[in-house]
Amino acid sequence: MRVLITGGAGFIGSSLALRLVDAGHEVAVLDALLPQIHGPNPATDSPLLARIEGRVELVHGSVTDRDAWTRALADQQVVVHLAAETGTGQSMYEVHRYADTNVGGTSLMLEVLAAGGHRVEKVVVASTRALYGEGRYVAADGSVHHPSARLEADMAAGRFGLYHPDTGEELRMTATDESSVIHPASVYGITKQAQEQLVMAVCPTLGIAPTALRYQNVFGPGQSLTNPYTGILSIFSTRALNGQPILVFEDGEESRDFVSIDDVVDATLKAITDDRANGEVFGIGSGVATSVLTAARTLVAALEVDVPIEVTGAFRLGDIRHNVADLTKAERLLGYRPKVDFQTGVRRFVEWVRTQPVQRDDYQRSIDELRSRGLMRG
């Protein structure tokens, strides 16, 4: 096949591009090569770009540029739309940039496709677990709840959990499936919801099969080590290698579904090639919840560095407490089963990190930015 990957020089995109090329497909990449991901001089600074150069057709351009879309879409059969501004915290104050890229860029793609003159048969859009905001919870009586954002007053008092609206009992997190309530808690989540729904609504009217993959927290070799706004394990590793303490928010028991890049690429390949994915939405993760404190300890042990892990009690407004994917649908329709457990994934990530130059630690700058915008407490 001929496959276009937008954001194809990024973490997920470059990994997917290499797998597709190795499988005999022709791959084109549309990427703006943003400095936040690739450094100020991508041609020399970006290991992500370096890994795909010479193996794909590279179209340097933005998804907000109609001409870039027209050039990139020529003769393509499948589009994997990964290009997006990411990071929940940053999205809360760079609202227009996130909306322009994530919603505007996707709208422009669909408008160019609607004009005809192309061969596109399928669009796979990278969605996110951020659509759900808080995940799915159950009470002692078995009732299911999809809580709204946590109250600042509760978190300031050290009550970081989710509570029954009537009884006040703490709710228990359970796996979030594709039918769970969508109520994003960040601008990023809102823009990704719009992006997903645009693709799922418009593509069928154009005779194009759409699929949406709601990725959980993807990590592994190739993850940007220069972006202080997203990718908790890359942020922690850069801190540790600079001899800085690992700062864990809340009480450290907030959890995420950390899914290996290898498993995410497997799921995306299945979505590209399997017609059972057509018209469907899938949650893609490991199906296992790992606390942030456990993740920090596992990473520091693998790095073999002596830095403290500080549970700060600080919190960001709009952060969620828990979310873990229910993989039942992905397994039933796509045969997707994650193969890489968290310990193995961290070991592979650390092995790759050791081959990279130690990056400057800009994490404190990103925290200061959040504080200046009134989004950080504690």
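Modeller: Buried means under 20% relative accessible area, exposed over 50%, and partly exposed in between (1.4 Å probe, protein chains only). Strands (E, at least two residues) and helices (H or I, at least four residues) are DSSP runs, numbered from the N terminus. This is a predicted model, in which local features need pLDDT of at least 70 and side-chain atom pairs count only at pLDDT 80 or more, while totals for chains, interfaces and linings use all residues. Residues are numbered from 1 along each chain as its sequence is written, and side-chain values use heavy atoms, with hydrogens and water left out.

Colleague: Which residue of β5 stands opposite Val-78?

Modeller: Two strands pair if DSSP finds at least two bridges between them. β4 and β5 (residues 122-128) run parallel and are joined by four bridges. β4 also pairs with β1 (residues 2-6) in the parallel sense over four bridges, and there Leu-4 stands opposite Val-79. In β5, the residue opposite Val-78 is Lys-122.

Colleague: How many of the residues of strand β2 are buried?

Modeller: Strand β2 (residues 26-31) runs parallel to β1, with five bridges joining them. Arg-2 stands opposite Glu-26 in β2. Strand β2 is largely enclosed by the rest of the structure, because the number of its six residues that are buried is five.

Colleague: Which residues have the most contacts inside the largest nonpolar core?

Modeller: A nonpolar core is a set of buried Ala, Val, Leu, Ile, Met, Phe, Trp, Tyr and Cys residues joined through side-chain atoms within 4.5 Å. Leaving aside neighbours within four places in sequence, Ile-284 is in contact (heavy atoms within 4.5 Å) with residues including Leu-213, Tyr-215, Val-259 and Leu-327. The largest core has 41 residues, and those with the most contacts inside it are Ile-5, Val-80, Tyr-215 and Ile-284.

Colleague: What relative accessible area does Glu-304 have?

Modeller: Glu-304 lies in the loop between α12 (292-303) and β16 (309-311). Its phi is near 60 degrees, a positive value in a residue other than glycine. Glu-304 is exposed, and its relative accessible area is 68%.

Colleague: Is Asp-75 buried, exposed or partly exposed?

Modeller: Asp-75 is found in the loop between α5 (66-73) and β4. Although not a glycine, Asp-75 has a positive phi of about 70 degrees. With a relative accessible area of 44%, Asp-75 is partly exposed.

Colleague: Which element gives the largest share of the lining of the second largest pocket?

Modeller: On a 1 Å grid over the protein atoms alone, a pocket is an open set of points where a 1.4 Å probe fits, with protein on both sides within 12 Å along at least five of seven lines; lining residues have an atom within 4 Å of a point. Of the 24 lining residues, the closest to the centre are Ile-37, His-38, Gly-39, Thr-226 and Gln-359. The elements that give two or more residues to the lining are α2 (35-38) and α4 (47-52). The largest share, four residues, comes from α2.
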